[in-house]
Every structure is written in C-alpha cells, then in structure tokens.
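These are my notebook entries on one structure. I set down what I looked up, entry by entry.

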There are 2 protein chains.
Amino acid sequence: MYSEIIQGVRGRKRRFIARAITHVENNTEISSKLLSELYPETGSAYRIGITGPPGAGKSSLTDKLIQNYREQDKTVAVIVIDPTSPFSGGAILGDRIRMIRHYNDKDVYIRSMASRGGHGGLAQATQEVGDILDAAGFDIILFETVGVGQVELDVIQTSDTVVVLLVPESGDDIQMMKAGLMEIADIFAINKSDRPGSNKLYISIINMLSGMPHDEMTWIPKVVKTVALKTDGVSELVDNIHEHGDHIKRTGLWNQKMVDRYAKQVRELILNKQDEVFWDKQNCNILDKELALAHEKRKSPQELAESLYSND
Amino acid sequence: MYSEIIQGVRGRKRRFIARAITHVENNTEISSKLLSELYPETGSAYRIGITGPPGAGKSSLTDKLIQNYREQDKTVAVIVIDPTSPFSGGAILGDRIRMIRHYNDKDVYIRSMASRGGHGGLAQATQEVGDILDAAGFDIILFETVGVGQVELDVIQTSDTVVVLLVPESGDDIQMMKAGLMEIADIFAINKSDRPGSNKLYISIINMLSGMPHDEMTWIPKVVKTVALKTDGVSELVDNIHEHGDHIKRTGLWNQKMVDRYAKQVRELILNKQDEVFWDKQNCNILDKELALAHEKRKSPQELAESLYSND
C-alpha cells in the first residue's frame, strides 16, 4: 500500500496523490516516510502563492491562471487553503465552483486544505503537500489563501512568487499596509480594475514602491491590472510571474528559498519529535496536578517549566 | 533594577510597566524571572479581545470602551497588536491618534506591540504582556488586533471575552465565514450601523446563530449595533461583555480558560528551551553542511531530522 502510493504519485495518478496528501495532512505514521522517499524527485515545480482580502476574486483569478498555464501545456496543481468553520464542520468551498470545469482535466489537480495543529502547523503542511505535488511532476503549483493574517503570510511565503490581489475598494494605503500584505508581494494584481478607484490604487502602490530602497539585486514588485472574470490582464500577470522567476533564479534567491524551506522543515520536525517525547505520562501527570490546584497555589508557569525541564 | 521593575509594576507606575513589557517583548534574560515573580498577583484582570477586518472602526470603539470603563472608575490597559511593515520599520500607529486623549490619564495604559519570533510567538507574548498588566492591577485589559488570520485568532483567544467587529459592508455570510471570525465571537458588534445594510447583516448573523447547537451551558453570542464615533450602542456592548463575563464565571469556563492558558504557556516555555538547547554549535554545523550540498545530494529533511535527533 505504501509503495503503491509512491508509485501512484510518481505516475501522477490522482487517486494516489490524494491519498498521499491525506497522509501528510493528518501527519500519519507513513507521511514522513512518503515525504522522505519522494524528496529526491522534488525541486522542479514552480510555486506561486496568491493571497488577498476576502472578495478580491482569488478563485476567479486562479481559474484563469490554470487556463493560461494549460494553454502553455503546463501541468497545474492548486491548493486552496480555507479556514475551517465549526458550523460547517469543514473547509468552505462555496465559491470554488467556478474551478470545477478543470476537474476533468487530468493535468490539473485541485484540492482544498484546512488548518492542522502541531508546530509549524499549516505552513509546514502546505509545504509538504507542495512537495508531494512537486514529486508528482506538476510544473506549476498554485497556493491560494483567504485571509490576511500571519499564518496566511507564512503559508504564502513557502511560494517562489507571491501575488497579492487587491481591489479598488481595498481602501487607502494605510489600510493596505495594516493588512500586512505589502511586505510580501512580488506582484500586485489590482483585480476588478474596471471599477472606479483602480487608477488611484495603482498610483498609490506605485508611489509606495518608489520609496523602497533598492540596488540591482532588488526585485521591484510589479503592479498589474486585471479583470479576472474577463481574462483581462491575466497573460500580463503570467509574464510578470515568469519574469520574477527568472530574477530569483539569476540572483540565487530561488536556491536560497529552497534552502530556507529545508532548514525550517528540519527544525520543525525536530521540535515536533521533542514535544511528543517530552510529554510522556509522567510529565503530563505533573502538569495535571498543578492545574488541579487553585490559581494562587500554583507555581508560576516559568517555575513549573523549569522544574519539569531539568528533571526530565 | 530588577526589583525596581517589580516594585514599579506593583505600584502601577507607567515607566516600569513599560520596561517590564519591553523585557517580555524581547524575551530578555530577566523576562522569565519577572513573569514568575509577578505570577501570584495575576488572575483578577478581565481580558477583552477586539478584532475584525481593517477599517471596521476598532480604534474608535476601543476609545469609547476606555471612556465607558473610566466612567465606571475602572482602570484600563490597551494592547494594540499591529503587523510590522518593512517600509515603515515598525508598528503602524496611523489611526491610534484618537486614543491620545487618554494618554494623560494615569489609570489608562496604552501600548502597541509588534510581532515577535519564537514558538508561540505573538500569542504567547500577548498573554505575558497581559500578565504584567494584570499584576499591575488593571481591571480591564483590551487587546485589539488588526487582520483576521490564524495568529490574530490565537492572540485574541487569550481573552476572556471576544468582540468581533463587523461593518455593513462586511458582505454576505460566506465572506464573513471565510474571514474565520465567526467561530470565535462571544459578541458581534455591527459598527457604523447607521449605514445601509446593517439590518441585513444583523439578521443574517442572528439566523446563522440560531442554527448553533446549544444547551443551557452554551453562550449564544450577542449581536449589538454600534456607531462608535457617536458612542451609540457602546454601553449596551459593555453590558453584554459583563453578561458574558458572568456566564463564564458561573459555568466555570473562566477558570478553564485560565487553566488552558497556563498549560499552553508551560508547553511553550519547554519547547523554546528544547529548541535553544538542541541547536548548539555541533547540530547547527551538521545542518549547515547539508544545506551547502546541492538539492539532489541532500538527505531528505525527514532523514536528516531523524539522524540529528537520535544522535543528540
């Protein structure tokens, strides 16, 4: 069954890719073995992150990017990272519907992923799922996140090129800066750019970028106007992604990104192992006993941690 | 100097509170000692988290909450958690200006905090800063976050009551669910409720909440309409926060929250220690040597982690 999955992933068989990803998502016993064995086959996919505020049109744009890359005969995998809801009990797929037309294309793989626990959590899981898809031979991997918080930024930064999608309604500069998106964009796409305000937003981003310190090695983010629903600006966006890819390959940044991801993954794996080993029955009991005391009778968390650590 | 800080915090002296917080933010050598010594004095502040999308009016609302609590003669501390920007080089304080009028009130303490590294990161730092303010004798601690991602949710969940601020423009249900805010709210405040669409939003939240499974122990989130700039609905909001506080105290949930925070803090402290101890010169060298190899010559991250871990 294990080697069947490996072979299935190598053969880019949807069913086995799905199984491998499920193992990774659930951090099962064999997930680490799968990832380890597939590692030598990774390193050639190009990873593109797409993020932006809710309602910016990420799904529409992703749909059109799939189409564009398919026209170039490239294979495409898409990972949609959704926050889970306790009401719906799972990832929200409401507006993924427009991507359905690609589901029958065997060279397109689309999957949504929800959050998972553990250290590194979602960002690590995303990278691992990316590795499976990379080993499966997809040329392009698109990561789409909703939300604009720190974890989403961590996730998206496992990508080679980050596209930040904005809409004319995104508001004034400060609001955008607050959203924490500015610092991670390699390319800004102003979507729904046929609406009023798109020029104003375009100019304010350009102005802001002109204040960035830079030398010849610096990538100055591109700004592209799109109307995803009409496919306007999509090929320009694809060109910009390609140009950014060339830039990071030429400057060694692509290699550096892979090295950083590798180092981070090793550190997270070790932390997870340490955490698991530390909290054996004995240490859990000591913590539980302390928790059963009234607040004012407890040692401080610092004292308890110190005594647990030094007696372990 | 160390005992001066402790005494200063106990005496609710602004200058020493600021110093203690700086130690905690920077995770200095004495921060753990400070927190440990102040621990017995914590446990009486009430922690309120306020979150919502950019532009919802969180600062205005926070301003009015400070005013309301001050009228009740309660002391108030506010921690504003800002994403850092590489362009501005620090936290963005643009729209905090309206809170300035409280800066001269010695029973109000306002501070902004930026992200920090390390495991647990911002959520842990926020809780620790809350502990300092708790020990300093503030009755009410308000945590305000911008952004709606997972870390922001983690941060806000170190609070006793979570207020999620929305505006009529927040869009349809699915957009809100996507923002991941729905699952954490104890109270929804629809701010700028004098704008069109506020009734529609009100009704859709009520409808959504009516589908929640519940028994007598369950808190059904309240929905309040506010116009923070005009102070409309603010006292109703304060009443609802108070009611939620009574509920969690009566049901034992308040105590449970404190127990959970304590356990989490102990776990994070141990992980940080393990991480620090593990990555000594020798292990760092082994990792660096592997990173210096070409991608295809490297062990898989899983193999390297395993071998580092078992030889440590």
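**Entry 1. Strand β5 of chain A**

I began with the link between β5(A) and strand β6 (residues 187-190) of chain A: the two run parallel and are joined by four bridges. Strands here are DSSP E runs of at least two residues, helices are H or I runs of at least four, and both are numbered from the N terminus. I count two strands as paired if DSSP finds at least two bridges between them. Looking up one bridge, I found Val164(A) partnered with Phe188(A) in β6(A).

The model is predicted, so local features need pLDDT of at least 70 and side-chain atom pairs count only at pLDDT 80 or more, whereas totals for chains, interfaces and linings use all residues. Residues are numbered from 1 along each chain as its sequence is written, and chains are lettered from A and ligands numbered from 1 in the order in which they are written.

I then looked up the pairing of β5(A) with strand β1 (residues 46-51) of chain A, which is parallel over four bridges. There, Thr161(A) in β5(A) has Ile48(A) opposite.

Is β5(A) enclosed or open? Six of the six residues of β5(A) (residues 161-166) are buried, so the strand is largely enclosed by the rest of the structure. A residue is buried if 20 or more other C-beta atoms lie within 10 Å of its own, exposed if 12 or fewer, and partly exposed in between, with C-beta atoms placed from the backbone. Thr161(A), Val163(A) and Leu165(A) point to one side of β5(A), Val162(A), Val164(A) and Leu166(A) to the other, and all are buried.

**Entry 2. Strand β2 of chain A**

I found β2(A) (residues 76-81) mostly covered, with six of its six residues buried. Val76(A), Val78(A) and Val80(A) point one way, Ala77(A), Ile79(A) and Ile81(A) the other.

β2(A) runs parallel to strand β3 (residues 108-113) of chain A, with six bridges; Met113(A) is the partner of Ile81(A). Six bridges also join β2(A) to strand β4 (residues 140-145) of chain A, again parallel, and Val76(A) is bridged to Ile140(A).

**Entry 3. Chain A as a whole**

I recorded twelve helices and seven strands in chain A. Of its 312 residues, 46% count as buried. Among contacts in chain A with a separation of 6 or more, 74% come from residues 24 or more positions apart; a contact requires C-beta atoms, placed from the backbone, within 7 Å.

**Entry 4. The sheet of chain B**

In what order do the seven strands of the open sheet in chain B lie? I read β3-β2-β4-β1-β5-β6-β7, with parallel pairing. β3 (108-113) and β7 (222-225) of chain B are the edge strands, each pairing on one side only. The twist averages 20 degrees from one strand to the next; axes are lines fitted to C-alpha atoms, for helices over the stretch in contact, and angles run from 0 to 180 degrees between N-to-C directions.

Helix α8 (residues 198-210) of chain B packs on the sheet, touching β5, β6 and β7 of chain B, at about 175 degrees to β7(B).

**Entry 5. Helix α10 of chain B**

α10(B) (residues 253-278) has 26 residues and reaches 37 Å from first C-alpha to last, close to the expected 38 Å; that span is 1.5 Å times one less than the number of residues. Its buried residues include Tyr262(B), Leu269(B) and Gln274(B). I noted that their cover includes α10, α11 and α12 of chain A together with α5 of chain B.

Technical notes: Two residues are in contact if their C-beta atoms, placed from the backbone, lie within 7 Å.
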